[in-house]
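Student: I've got a model open on my screen and I'd like to learn how to read it. Could you walk me through it?

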Amino acid sequence: MGSTRPTSGQQRVSARRAVADDLETLESGEPRPELELARKRFDEQEQGTGIFAVVEVEGVIVGSGFLDFVDEELTPELKNLWVHEKARRQGAGRLLWRWLEARAQEAGYSQVYLAVDPNNEKAIPLFLNLGYSPTGHHLFMEDPDEHQVTDPSQVSSHYAIFRKSLLAG
Ligand SMILES: CC(C)(COP(=O)(O)OP(=O)(O)OC[C@H]1O[C@@H](n2cnc3c(N)ncnc32)[C@H](O)[C@@H]1OP(=O)(O)O)[C@@H](O)C(=O)NCCC(=O)NCCS
């Protein structure tokens with residue numbers, strides 16, 4: 001199952017589940033290879049505890065994200081959203097997130113959660129744009145991701161929790 005749409009520049013952007021053949025590409029583009037997140041998320045998908053999705057522009061993988069059905073704190077949680085720098089601002093992040101939200105809806109959830117560095121000036125406009133609202137709660141992150149912020153000195157150890165209702169209307 002996938003979804004495709006043209007961007008404003010008429011490039012085709014699409015999202016789908018990651019498959020084993022994607023792993024080499026995903027691993028070579030990981031922002032934090034030491035975490036081996038692509039392999040972990042793929043294994044979790046194989047175990048049925050989440051959905052690992054890729055987003056493509058013109059058939060080339062430019063990013064990935066994960067829908068976690070068993071996160072300890074937030075269920076379900078959308079996490080690990082990443083779009084390669086050269087492919088940003090073409091609608092890939094938005095399409096990937098909407099695709100994963102639709103999978104959460106299909107799985108019977110009426111809401112989704114995410115946690116984001118409050119200084120993430122790229123992702124927060126995206127999430128607001130997609131209809132997320134801050135819950136006012138925070139998660140303590142032992143190992144916050146400095147790729148989320150422009151200046152490493154802005155990294156926060158307390159991520160803001162956002163929620164979105166998946167109910168129609
Ligand atoms: C956040 C991220 C995934 C956005 O991906 P993207 O493919 O560039 O996003 P899109 O093109 O779909 O943008 C959709 C909307 O998000 C907002 N947005 C995206 N990048 C933005 C930026 N640099 N500044 C302000 N708003 C931005 C805008 O509202 C944009 O809509 P518009 O282009 O019509 O104005 C990408 O910047 C990224 O990978 N960042 C590093 C990792 C990260 O922070 N992940 C989120 C962790 S919670």
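Student: In what order do the elements of the chain run from the N terminus on?

Tutor: Before that, a word on the source: this is a predicted model, where local features need pLDDT of at least 70 and side-chain atom pairs count only at pLDDT 80 or more, while totals for chains, interfaces and linings use all residues. Residues are numbered from 1 along each chain as its sequence is written. Elements here are DSSP runs numbered from the N terminus: helices are H or I with at least four residues, strands are E with at least two. The order is β-β-α-α-β-β-β-α-β-α-β-β, which comes to four helices and eight strands.

Student: How does the radius of gyration of the chain compare with the globule rule?

Tutor: Take the radius over C-alpha atoms; the rule is 2.2 Å times the number of residues to the power 0.38. The chain has 15 Å, close to the 15 Å that the rule gives for 169 residues, so it is as compact as a globular protein of that length.

Student: And what should I look for inside?

Tutor: In soluble globular proteins, nonpolar side chains tend to be buried together. Call a residue buried if 20 or more other C-beta atoms, placed from the backbone, lie within 10 Å of its own. A nonpolar core is then a set of buried Ala, Val, Leu, Ile, Met, Phe, Trp, Tyr and Cys residues joined through C-beta atoms within 7 Å. The largest one here has 38 residues, and Ala92 and Leu96 are among those with the most contacts inside it. Helix 3 gives the most to this core, with seven residues.

Student: Which residues does Ala92 touch, leaving aside its neighbours within four places in sequence?

Tutor: Contact means C-beta atoms, placed from the backbone, within 7 Å. Ala92 is in contact with Val13, Val55, Val57, Val62, Gly63, Val83 and Ala87.

Student: Which residues of helix 3 are buried?

Tutor: They include Ala92, Gly93, Leu95, Trp97 and Glu101. Just after helix 3, Gly108 takes a positive phi of about 100 degrees.

Student: How many residues surround the ligand?

Tutor: Count a residue if its C-beta atom, placed from the backbone, lies within 6 Å of the molecule. That gives 21, with Arg88, Gly93, Arg94, Pro125 and Leu126 the closest. Strand 5 (77–83), helix 3 (92–106), strand 6 (111–116) and helix 4 (123–129) each give two or more residues to the shell, and the largest share, four residues, comes from helix 4.

Conventions: Buried ≥ 20, exposed ≤ 12 C-beta atoms within 10 Å, placed from the backbone. Contact = placed C-beta atoms within 7 Å.
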